[in-house]
Structure formats: C-alpha cells, structure tokens
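Hi there,

Here is the structure I promised to send you. Have a look at it first, and then read on for what I found.

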4 protein chains.
Amino acid sequence: MQKEKKERPDKYYSILNAAGTVFARLGLHKATISQIAQESGVADGTIYLYFKNKNDILYQFMSFKSDIFFEAMRRAVEGNDSADVKLRNLILCHLTEFQQDRDMAIVFQSEVRYRRDIASQIKDISKIYLDLLTEIIEQGQNEGVLRHDLFMGLVKRFVLGAVEGVINTWVAADGKYDLVSMADPLVELYLNGIKAR
Amino acid sequence: MQKEKKERPDKYYSILNAAGTVFARLGLHKATISQIAQESGVADGTIYLYFKNKNDILYQFMSFKSDIFFEAMRRAVEGNDSADVKLRNLILCHLTEFQQDRDMAIVFQSEVRYRRDIASQIKDISKIYLDLLTEIIEQGQNEGVLRHDLFMGLVKRFVLGAVEGVINTWVAADGKYDLVSMADPLVELYLNGIKAR
Amino acid sequence: MQKEKKERPDKYYSILNAAGTVFARLGLHKATISQIAQESGVADGTIYLYFKNKNDILYQFMSFKSDIFFEAMRRAVEGNDSADVKLRNLILCHLTEFQQDRDMAIVFQSEVRYRRDIASQIKDISKIYLDLLTEIIEQGQNEGVLRHDLFMGLVKRFVLGAVEGVINTWVAADGKYDLVSMADPLVELYLNGIKAR
Amino acid sequence: MQKEKKERPDKYYSILNAAGTVFARLGLHKATISQIAQESGVADGTIYLYFKNKNDILYQFMSFKSDIFFEAMRRAVEGNDSADVKLRNLILCHLTEFQQDRDMAIVFQSEVRYRRDIASQIKDISKIYLDLLTEIIEQGQNEGVLRHDLFMGLVKRFVLGAVEGVINTWVAADGKYDLVSMADPLVELYLNGIKAR
DNA sequence: GATGAATGAGTCTTCATTCAT
DNA sequence: CATGAATGAAGACTCATTCAT
C-alpha cells in the first residue's frame with residue numbers, strides 16, 4: 001500500500017527546491033537557469049540532466065508540491081466528521097501547508113493562475129480542490145448543516161476565492177503574520193456571513 | 001474644479017488598448033513591443049515616444065483602467081443607500097466593469113497580482129478597493145445591518161478574494177457566461193453565509 | 001521579359017556573400033553567426049532581419065548562386081550548335097563559373113553533397129544539370145555524333161563526376177592553377193576515352 | 001617483414017564501427033559522443049580511453065578503413081595483367097569495397113572531401129589511389145594500350161571523379177541498386193569515350 | 001512627430017570532455 | 001579498466017531599445 005513513486009536522486013530535489021525559491025523571488029520568466037543552478041550549487045548544464053527545460057522545472061515543481069498538498073488535503077477531510085468540521089479542516093490544512101512552504105505558495109498563486117501555456121494537468125490542481133469542496137458541501141446539505149439553496153458552482157468559487165485572497169495578502173505582506181490563525185474566523189464567515197442577526 | 005488630467009493624444013490611447021489586448025493574450029513577458037506596435041498600427045519606435053519602456057506601458061495601462069474603474073466604483077457607492085445596498089452596488093459594478101473590459105480583467109488578475117517589480121502605485125489599486133469596503137462595512141455596523149464582531153482585515157480580504165475568485169473562473173472559461181448575474185447571489189453569500197438556519 | 005526577382009536590399013547580399021566566405025572557410029557547422037556578422041560588418045541580430053536561421057542562410061546562398069549558375073548554363077547550351085560543341089560549352093561554363101566564384105565552388109562541393117537536412121530544392125540543382133546533359137547527349141545521338149549504346153544514367157554521372165573531381169582537386173589546391181583550361185582536354189577525354197587507337 | 005600493427009582490443013573496433021554507423025547516419029557534427037557510446041554499448045567516458053577526442057575517432061576510422069581498402073586495391077592490381085585489365089580490377093575493387101561497407105562509403109564521401117581540419121594523412125588516401133592510377137596508365141602507355149597524349153594530372157582526376165560520382169549517386173539512392181555492376185560499363189566509357197565511330 | 005533598421009546584451013540549451021568512484 | 005554524473009564553454013536566437021532619416 002506504499003506510495004509507488006519513482007525515487008529521484010537528491011540532486012533532483014535540490015534543484016527543484018532551488019527553482020522554487022528562485023521562481024518565488026523572480027517569477028518564471030525573470031528567473032534564469034543560471035540562477036537556479038547557482039541557488040542549488042550545480043552547474044547550468046546539470047539542470048538539463050534532470051529536467052527537459054525551464055518550463056519542465058516549473059511543471060515538476062508544481063506536480064511535486066501538489067502531490068504533497070493533496071495528500072495532506074485528503075487526510076484533512078477523511079473520517080466521519082460533520083461537514084462544517086471538514087470544511088474547517090480543509091481550510092486549516094490549506095493555510096497550514098501554504099504557510100509552511102511559502103515558495104510554493106508564491107509560485108502557485110502567481111504562476112499557475114493564468115498561464116495558458118502550462119500543462120492542463122497542473123490546472124487540474126484547483127479542480128481537485130473544488131471537487132473536495134463539492135463533496136463537503138453536499139455532505140453538509142445532507143446533514144442539514146448547510147443551506148440547500150446554494151448555487152454550487154458559485155459557492156465553490158466563493159470559498160476558494162476567499163482563501164486565496166487571504167493567502168495573497170499574507171504573501172504580499174511577506175508572511176509577517178500567522179496565516180493559520182485566519183482559518184477559524186474565515187470558516188466562521190463562510191458559515192454565518194457578515195449580516196447582523 | 002475641472003478634471004486635472006493632461007490630455008493625451010489619440011495615439012497614446014490606441015497603443016494603450018493594443019497593449020491591453022496583447023498583454024491579455026500573451027502575458028507581459030511573451031508580449032513583444034512589435035506585437036503591440038502592429039496591433040495599434042504604429043511603428044515600434046513610436047511606442048517609445050509615448051512610453052518610457054515596456055513596463056511603463058503596463059503601468060500606464062493599469063493606471064488608466066484603474067481611474068475609470070474607481071470612478072465607476074465611487075459612483076456606485078455614493079448616495080444615501082444602506083450598507084448592504086452599497087455592497088451590492090460595489091460588487092455589481094466590479095463585475096460589470098470587468099465583464100465589459102475583458103482585456104483589463106485578464107491583465108489585472110494575471111499580471112498585477114504578484115509582480116514585485118511593478119510600481120507600488122498600481123498595487124494601491126486594491127487598497128482603494130479595500131478602503132471602500134471598510135467604509136461600507138463600518139457604515140453597516142453603525143446602521144446595525146452588519147455584525148460588529150468582524151475582524152475587518154479579514155472581512156475585506158474575504159469579500160475581495162471571493163469576487164476575484166469568481167472573476168478568475170469566468171476568465172478561465174473564456175467569458176462564456178454572464179458574470180454580472182453572479183453579483184446578487186454572491187452578495188447574498190457574503191451576508192448570510194452557507195449555514196442552514 | 002525581364003527577370004521577375006524581388007529586389008533584396010544590399011545588406012541581404014552583403015550578408016549572403018559574407019556567409020559564403022565563412023562557409024567556404026569553415027564549413028556550415030563550424031561557421032558561427034557572429035563570424036558571418038563580423039565578416040559582413042553588421043551586428044549578430046541583423047542577420048536575423050534577413051534570414052530565418054543559420055540553415056536558411058546556406059539555403060538562400062545556394063539558391064542565389066544556383067540561379068546565376070543555371071542562367072549561365074542555359075545560355076551556354078542554347079543555340080544550334082552540335083552536341084559536342086554544346087557539351088564543351090557546358091563544361092567550359094561550369095568551370096568558368098566555379099573558377100570565378102571559389103566560395104560558391106567550395107560551399108557547393110562540400111556542403112551540398114550529402115546533407116540530408118538540406119531542403120531537397122537545393123538538391124535539385126544537380127538534377128537540372130543532369131537534365132541538360134541528357135538533352136545534349138540525346139541530341140548527339142540523333143546527330144550521330146555520340147554513341148547510341150550508352151547507358152544514360154551512367155553517362156550523366158560519368159560526365160558530372162569527372163568535372164566535379166577536377167573542380168575538387170582545383171579547390172584542394174587553393175585554386176592555384178587555371179581551372180578553365182581543363183575544359184577542352186576534359187571534353188576530349190569524354191569523347192575519345194583513353195584507349196589508344 | 002611482418003605487418004607492424006599494434007593489436008587493438010575488441011572494444012576499440014567496436015567503438016570504431018559504432019562511430020562509422022553514427023557518422024554515416026548523422027555526419028560528424030550532428031553525431032554525438034553519447035550516440036556513439038550507446039551504439040557500441042559502452043559508457044561515454046570509455047570512448048576517451050581509446051580515442052583522444054571526437055575528431056580522432058573519425059581519423060582512426062578513416063585510417064582503419066583505408067588500410068583495408070588499399071590492401072584490397074593493391075591485391076586488385078598486382079600480378080601481370082595488362083593495364084586495361086588492371087584498371088578494370090581497380091574500379092571493380094573500389095565499387096565492391098564501398099558497396100560492402102556503406103558506412104565507410106558515406107563517411108568517406110561526405111566527411112573527408114573538404115575538411116581542412118582533418119589530418120592531411122587522411123587526405124593522402126586519395127593520393128595513394130591516384131598513384132595507383134598513374135602506375136596503371138603509364139603501364140598502359142608502355143604497352144601501347146593507352147594513348148600517349150594524355151595529361152596525366154587530368155586523367156587521374158577524370159577517372160577518380162567519375163567513380164566517385166557514381167558512388168555518390170548510389171549512396172544518395174540509399175544503395176538501392178547494384179553498384180558493382182557499374183564497373184564494366186564505366187571502364188568501357190573510360191577507354192572508349194562517348195563519341196560515335 | 002514617426003519610422004523601422006540596426007543593435008547587442010541576455011538566455012536557453014547542447015555536448016565534448018573530465019574525473020571521482 | 002569502466003562508468004556516467006557533472007561541468008561549463010560555446011553558440012543560436014530573441015527582442016527591448018536606440019537613432020539616423
């Protein structure tokens with residue numbers, strides 16, 4: 001039942017992380033192979049022993065991080081919790097993972113958003129996320145915890161958009177405050193809205 | 001009390017719009033000066049009569065669009081409406097403007113997000129937006145329409161993030177559906193949340 | 001009735017000739033764009049205003065030279081001369097043209113021979129030549145000047161191969177002797193062979 | 001009086017043949033050390049245990065093939081045959097050897113022709129060939145079989161050039177027909193020429 | 001003002017060659 | 001001897017920017 005992942009040499013991951021750092025600092029286009037090489041302490045040519053080209057580095061980076069991310073996500077929502085707890089766990093997990101890996105957070109938010117030239121496989125990342133949300137919300141509706149009169153397509157975007165907005169702000173603030181502590185207040189807003197009662 | 005705007009020649013705007021189109025299609029980095037020149041029907045060199053450099057074009061484009069955008073915003077929230085109506089007007093205006101100018105929507109969402117190299121002035125765009133939100137929410141609290149126990153910093157991001165999430169989805173779908181119709185359901189979610197009552 | 005050739009700017013030809021010189025000196029692969037640029041007194045980038053890439057330079061060079069070459073060929077064999085005179089004129093023309101343009105001679109003989117990656121259009125150069133030979137030989141057979149029991153496919157190669165062998169030797173000798181004077185003795189060998197009578 | 005040839009290990013020849021194949025397929029410049037290594041089933045670095053560098057491989061390849069080739073040549077013209085028979089044997093041997101070893105044929109015809117950077121030793125290959133021709137022709141003149149009024153320098157090129165032309169054509173046709181059968185008709189053309197009598 | 005030809009700095013990428021294991 | 005990972009020099013090509021016309 002173990003993860004069947006082909007083991008990559010250390011240098012592969014070394015380059016991958018260096019790339020993450022450089023991409024986060026400069027963005028895909030301004031980042032140069034030389035900078036990534038220097039950051040990971042190898043020669044330029046060495047990069048090409050492990051990656052097809054510059055785009056491939058970004059792709060592999062995102063794939064690698066996504067696998068970790070979604071594994072964490074899945075663990076966060078498995079079990080018999082009620083929908084509202086699951087939603088809270090999901091958001092908490094999301095913020096925790098991004099806080100722990102700010103390079104990923106930056107690259108993910110800035111590079112993956114609108115690139116039409118990035119493999120659609122990477123774009124599916126958010127699809128997985130949205131599917132998890134759908135599950136949770138439907139479960140919540142069945143449990144009677146969540147409203148039935150929800151336009152699912154919108155709600156999913158509403159939830160994901162708000163988290164990402166929070167993350168973007170945190171990133172823009174150079175991660176100076178605790179992102180994870182936003183989870184509970186955020187979920188509370190999802191659930192209750194801002195109207196006085 | 002007249003508008004203190006230096007009048008720009010037509011060609012300036014022609015280039016600006018061409019740039020918007022090309023930036024939207026290819027992104028800042030893949031877009032070339034030649035393409036912008038061709039799109040606007042001028043010579044490459046002409047662009048440098050009106051803009052300092054490539055980044056300046058993006059900057060001017062955003063400034064120009066922002067001015068229009070915030071003028072519309074301001075009109076949307078002026079008057080004596082109650083806070084919930086103003087919030088609805090703000091969101092409606094936001095979605096309307098972006099739907100009407102998809103180039104701006106794409107450029108704004110994809111290029112402006114994380115560029116550390118873009119003049120901070122442009123980043124202030126969202127500050128203005130957030131300030132409007134603050135005003136509205138505070139008014140709502142004073143009116144008793146909105147909850148008092150809100151962490152303002154989070155709520156603003158919550159609202160803006162959700163709108164942007166909805167816009168991003170619309171852009172990714174090539175603008176195939178009506179964005180503006182999302183305004184009311186979205187505001188309803190802001191106000192009431194997703195919890196069943 | 002004038003040649004309908006699109007006029008190219010001087011710089012196009014300047015680069016073309018520089019390329020010919022560099023290709024002749026170093027061969028296509030060892031020749032660098034920088035060297036060609038330097039030889040023609042322009043910047044590296046300028047080359048790309050006139051040529052798609054390095055291979056394109058070779059291709060254009062060959063096309064340009066071929067046009068001149070075959071125009072000369074055609075003039076050499078037109079008219080009402082008998083076949084043996086035409087053959088002599090053809091060979092004479094061939095040697096004259098190559099002697100006058102040693103860069104072309106070298107590039108043609110060394111680069112065009114075996115490159116599978118060169119557009120077949122260029123390979124057709126020798127086809128035109130072989131067709132001219134066919135015409136001449138058939139005319140000669142009709143006139144009774146040339147033998148009828150000739151395997152045309154072989155004879156054509158026999159004639160062209162021998163001329164090229166002579167040219168190759170001349171090139172290898174750095175063009176130190178008069179190539180054109182080889183024409184008559186060569187044709188005499190074609191016609192009479194080396195057997196004593 | 002034994003052959004003073006240093007015995008080379010099998011791997012040397014294995015690499016040599018692999019190189020011949022790869023050179024024939026791609027040409028010296030497009031062929032990579034890695035491809036040659038793979039073709040011969042050794043590691044890249046191993047090649048440098050047997051060869052100084054890439055050029056040296058080509059050089060050794062040509063030397064090796066030349067030795068075999070000229071050994072065959074010498075056998076073809078030794079004995080007391082008359083000059084015309086020797087000439088025929090020489091050409092026959094040439095075509096036979098090249099047909100049997102198409103890699104050599106391709107490499108020889110395409111790489112050796114014009115390389116100024118290839119050791120002159122390799123260029124001497126054709127010198128040996130031309131010397132053999134000289135011997136044969138002079139013998140033929142002494143025997144009265146061949147014309148006395150021949151410009152030897154030209155005749156040699158005439159003969160070699162024509163054979164090579166025939167070989168080139170055969171190579172370009174992917175060796176689809178029988179090259180050896182060209183020997184007799186070709187020699188017949190050498191001897192009698194194409195003029196009707 | 002307008003042009004667009006020219007520039008050349010900047011990058012990715014390849015691959016012959018080396019060398020620690 | 002053999003390996004093949006690592007190197008880094010070299011070169012094709014792009015494109016923002018300039019400037020003579």
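Before we count anything, here is how the elements are picked out: helices are DSSP runs of H or I with at least four residues, and strands are runs of E with at least two. Please keep in mind that this is a predicted model.

With that in hand, chain A turns out to have 9 helices and 0 strands. If you walk from the N terminus, the elements therefore read α-α-α-α-α-α-α-α-α.

Next, the overall dimensions. The C-alpha trace of chain A spans about 60 × 40 × 30 Å along its principal axes. Chain A has 197 residues, and 52% of them count as buried. Its accessible surface is about 9200 Å², with 49% of that belonging to carbon and sulfur atoms.

What about contacts along the chain? Taking those in chain A between residues at least 6 apart in sequence, 68% join residues that are at least 24 apart.

On to charges: there are 26 positive and 27 negative side chains in chain A. The centres of these two sets lie 5 Å apart.

Enjoy exploring!

Best wishes

Note on methods
Residues are numbered from 1 along each chain as its sequence is written. Chains are lettered from A and ligands numbered from 1 in the order in which they are written. This is a predicted model: local features need pLDDT of at least 70, side-chain atom pairs count only at pLDDT 80 or more; totals for chains, interfaces and linings use all residues. Side-chain values use heavy atoms; hydrogens and water are left out. Buried means under 20% relative accessible area, exposed over 50%, partly exposed in between (1.4 Å probe, protein chains only). Contact means heavy atoms within 4.5 Å. Accessible areas come from the Shrake-Rupley method with a 1.4 Å probe; for residues, only the protein chains shown count as cover. Lys and Arg count as positive and Asp and Glu as negative; His and the chain ends are not counted. The place of a charge is taken as NZ of Lys, CZ of Arg, CG of Asp or CD of Glu.
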